Amino acid sequence: MQKIIHIDMDAFYASVEQRDHPQYQGKPLAVGGSRERGVVAAASYEARQFGVYSAMSSRLAYQKCPHIIFVRPRFDVYKAVSQQIREIFHEYTDLVEPLSLDEAYLDVTQNKVGMPSATIIAREIKQKIFDTTQLTASAGISVNKFLAKVASDLDKPNGLTLISPEEAADFVAKLPIKKFHGIGKVTAKKMQQLGIYTGADLRRWDKTKLVRQFGKVGNYYFNIAQGIDQRRVNPHRIRKSVSTESTFDHDLANLEEMEAALHQLAEELMRRMEKTKSVGQTITLKVKYDNFQQITRSKTLAYPINTLDLVVRLSQELIRGCDFSEHKVRLLGLGISNLDGTKGAGAQLTLEF
C-alpha cells in the first residue's frame with residue numbers, strides 16, 4: 001500500500017507578494033492584469049472572498065472588488081521559492097513529482113527518515129516550508145494520487161487532511177462529482193445531466209457505459225469511483241508541451257500587428273524550448289477575441305519544429321486562416337507539443353539572434 005502526500009501551496013503567487021510587501025497583507029490582491037485588461041494569474045484569499053479567482057479577466061475582478069490591488073508577477077522570485085520548497089521535499093524522498101511551481105506529489109512509502117507515519121511527515125514538511133519561506137501549504141495524505149489531491153483541497157488554507165484506507169470508499173461515495181480531481185466543469189455538468197451527482201452515483205455505472213459516454217477516460221472515471229488510482233509518483237514526468245501567450249494592452253485589429261506579436265511570442269517560445277532540451281512536431285496557435293471567445297488552430301509536421309524561422313512561418317500561416325472580420329484580438333498564444341526529448345540525438349534547436 002502506497003503512502004502518498006500532495007502538497008499544495010496556498011495562493012502561492014499572491015502569498016509571496018504579501019510576504020514581500022507588508023502593505024499588501026490582509027488586502028485583496030491579484031497577481032497579473034490591471035483594471036483595464038489582462039488575466040488574473042493568482043488571487044489572495046482576501047480577493048477570493050469577493051469571488052475573484054485565477055484565470056478570471058482582471059476587468060471582471062475589478063468589478064467584483066473595486067478596491068483590489070493589481071501587481072505584476074515576478075516569476076523569477078516564485079521559481080526561487082519553489083526551489084527552496086522542493087529541497088525540503090527531497091529531505092524525505094526522491095520520489096517527488098512536481099505538477100507546477102506550487103504543488104507536488106510525494107511518495108513516502110519508503111522514506112529517507114525512516115518514519116512510518118505519512119501524516120507526521122506531511123506535518124513536518126508544512127512546518128519546514130513555513131520556517132524557510134514564511135508561507136503556508138496545505139497537505140493531503142492517502143493511499144493514491146487521486147485521494148491525496150482531493151484531500152489537500154478540503155481544508156485550505158494551511159490544512160492537513162488524511163483519507164485513510166478504511167475511509168476511502170465512504171469518502172468517495174459522498175464526494176460531489178464537481179470536486180473530483182480530473183473531472184472538469186464541462187464533464188461535471190454532463191454527468192449531472194446523466195444523474196451523476198456524487199461518487200456513489202458514478203459507482204453505479206459500469207466501465208462499458210462510462211467509456212461509451214466519455215471515451216477512454218471513462219476507464220479512469222470507473223476506477224476513481226471505487227477510490228482506485230494506480231498511477232505512480234513519477235519524478236521524471238515527461239513534459240507534454242511548451243507554450244507562451246500574451247494579453248495585449250490594446251486589442252489588435254489588423255494582421256500586421258498580429259504577425260509582429262507572433263514574432264515576439266515565437267522568440268520566447270524558442271527560448272523555452274531550448275530550456276526543455278526537447279523538440280516537437282505540432283504547433284498550436286491560441287486566439288482570444290475581444291468578446292472572450294477563444295479558438296485554437298494546430299498543424300503537425302513530419303519533422304521537428306526546431307528553428308525560429310519555421311515557428312514564425314507556421315504561426316503566420318495559422319493566423320491567416322483565422323477570421324477577424326467581427327472581433328479584434330486581446331490575446332495570442334503559441335505552443336509546441338508532441339515533444340520528443342531527443343535534442344542531442346539529431347535535431348538541433350537554433351535560436352537566431
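Trainee: Is D8 buried or exposed?
Mentor: Happy to start there, keeping in mind that this is a predicted model. Buried means under 20% relative accessible area. D8 has a relative accessible area of 9%, so by that cut-off D8 is buried.

Trainee: Which side chain meets that of D8 in a salt bridge?
Mentor: D8 lies in strand β1 (residues 4-9), and its partner sits in the loop between α6 (145-152) and β8 (160-162), 148 residues apart from D8. The N to O distance is 3.7 Å, and the partner is K156.

Trainee: What is the strand order in the open sheet of three strands?
Mentor: The edge strands are β3 (42-43) and β4 (69-71), each pairing on one side only. Strand β2 (residues 29-31) pairs with β3 in the antiparallel sense over two bridges. With mixed pairing in the sheet, the order is β3-β2-β4.

Trainee: What angle does the direction of helix α1 make with that of β2?
Mentor: Helix α1 covers residues 12-20 and packs on the sheet. There the helix touches β2, β3 and β4, and its direction makes an angle with that of β2 of about 115°.

Notes: Residues are numbered from 1 along each chain as its sequence is written. This is a predicted model: local features need pLDDT of at least 70, side-chain atom pairs count only at pLDDT 80 or more; totals for chains, interfaces and linings use all residues. Side-chain values use heavy atoms; hydrogens and water are left out. Two strands pair if DSSP finds at least two bridges between them. Helices (H or I, at least four residues) and strands (E, at least two) are DSSP runs, numbered from the N terminus. Contact means heavy atoms within 4.5 Å. Axes are lines fitted to C-alpha atoms, for helices over the stretch in contact, and angles run from 0 to 180 degrees between N-to-C directions. A salt bridge is a side-chain nitrogen of Lys or Arg within 4 Å of a carboxyl oxygen of Asp or Glu. Buried means under 20% relative accessible area, exposed over 50%, partly exposed in between (1.4 Å probe, protein chains only).
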